[in-house]
Amino acid sequence: MRKLLLIAAGVLTLFMCSCKTKEQETMKSSSEKETKTPAEVSITNSVKDADVWILPQTEENLKTTVWGTPTLSKLGGGESRSIGLDDPGDDGQYIFRMIDTDSFYYSANGIVLEAGWSAEIKGDDLKAELVVSDENGTEQNTYDVFCARL
């Protein structure tokens with residue numbers, strides 16, 4: 001009987017130790033996600049004073065017109081700012097949304113941005129483009145930007 005109790009106590013101890021290890025791993029994974037450094041990029045507004053949103057390209061973000069707090073609030077015409085962007089998700093792409101002080105709306109999807117890169121919105125309220133360059137200033141892509149008055 002004594003041997004049976006010792007075996008049961010040993011099994012219970014092993015079970016509890018393995019649970020603690022998994023819990024610690026889960027906690028470690030959660031804290032790693034929280035401390036992950038966002039990709040630092042530079043955004044230049046060469047159009048008009050505006051609020052700018054750069055969001056991960058997800059079905060939810062593509063279908064909504066409520067994007068929350070701007071990624072860059074009151075970005076002046078001719079102004080550049082560096083920001084940290086959240087992980088773009090599985091497809092590695094972002095969406096760009098902007099509303100200027102004259103109530104013009106700007107939109108582009110499928111934007112690829114990596115750490116150290118820059119994006120510049122150029123043009124006017126009738127025709128605009130988003131030019132993305134790498135950390136060396138080499139142009140990587142130019143995206144057509146949809147423009148319309150709200």
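These legends go with close-up views of aromatic pairs and nonpolar cores in a predicted model.

**View 1. Trp-53 and Trp-67 make a tilted pair.** Searching the whole structure turns up 3 aromatic pairs. In this one, the ring centres sit 5.0 Å apart and the planes meet at 55°, so the pair counts as tilted. Trp-53 belongs to strand S2 (residues 50-56), while Trp-67 is in the loop between helix H2 (59-63) and strand S3 (72-75), so the pair ties together parts that are 14 residues apart in sequence. Are these two residues buried or exposed? Both Trp-53 and Trp-67 are buried.

**View 2. Trp-67 also pairs with Tyr-105, and this pair is stacked.** Here it's 6.0 Å from centre to centre, with 10° between the planes. Tyr-105 comes from strand S6 (residues 104-111) and Trp-67 from the loop between H2 and S3, so this pair ties together parts that are 38 residues apart in sequence. Trp-67 has a relative accessible area of 14%, and Tyr-105 has 17%, so Tyr-105 is buried, the cut-off being under 20%.

**View 3. The largest nonpolar core has 27 residues.** Which members touch the most others? They are Ile-54, Phe-96, Tyr-106, Ile-111 and Leu-113. Strand S6 gives the most to this core, with 4 residues. Take Ile-111: leaving aside neighbours within four places in sequence, Ile-111 is in contact with Gly-92, Gln-93, Tyr-94, Phe-96, Leu-130, Val-132 and Tyr-143.

**View 4. Another core lies apart from the largest one.** This core has 5 residues, among them Trp-53, Leu-55, Ile-95 and Tyr-105.

Conventions:
Residues are numbered from 1 along each chain as its sequence is written. This is a predicted model: local features need pLDDT of at least 70, side-chain atom pairs count only at pLDDT 80 or more; totals for chains, interfaces and linings use all residues. Side-chain values use heavy atoms; hydrogens and water are left out. Rings of Phe, Tyr and Trp (its six-membered ring) pair if their centres lie within 6.5 Å; planes under 30 degrees apart count as stacked, over 60 as edge-to-face and the rest as tilted. Helices (H or I, at least four residues) and strands (E, at least two) are DSSP runs, numbered from the N terminus. Buried means under 20% relative accessible area, exposed over 50%, partly exposed in between (1.4 Å probe, protein chains only). A nonpolar core is a set of buried Ala, Val, Leu, Ile, Met, Phe, Trp, Tyr and Cys residues joined through side-chain atoms within 4.5 Å. Contact means heavy atoms within 4.5 Å.
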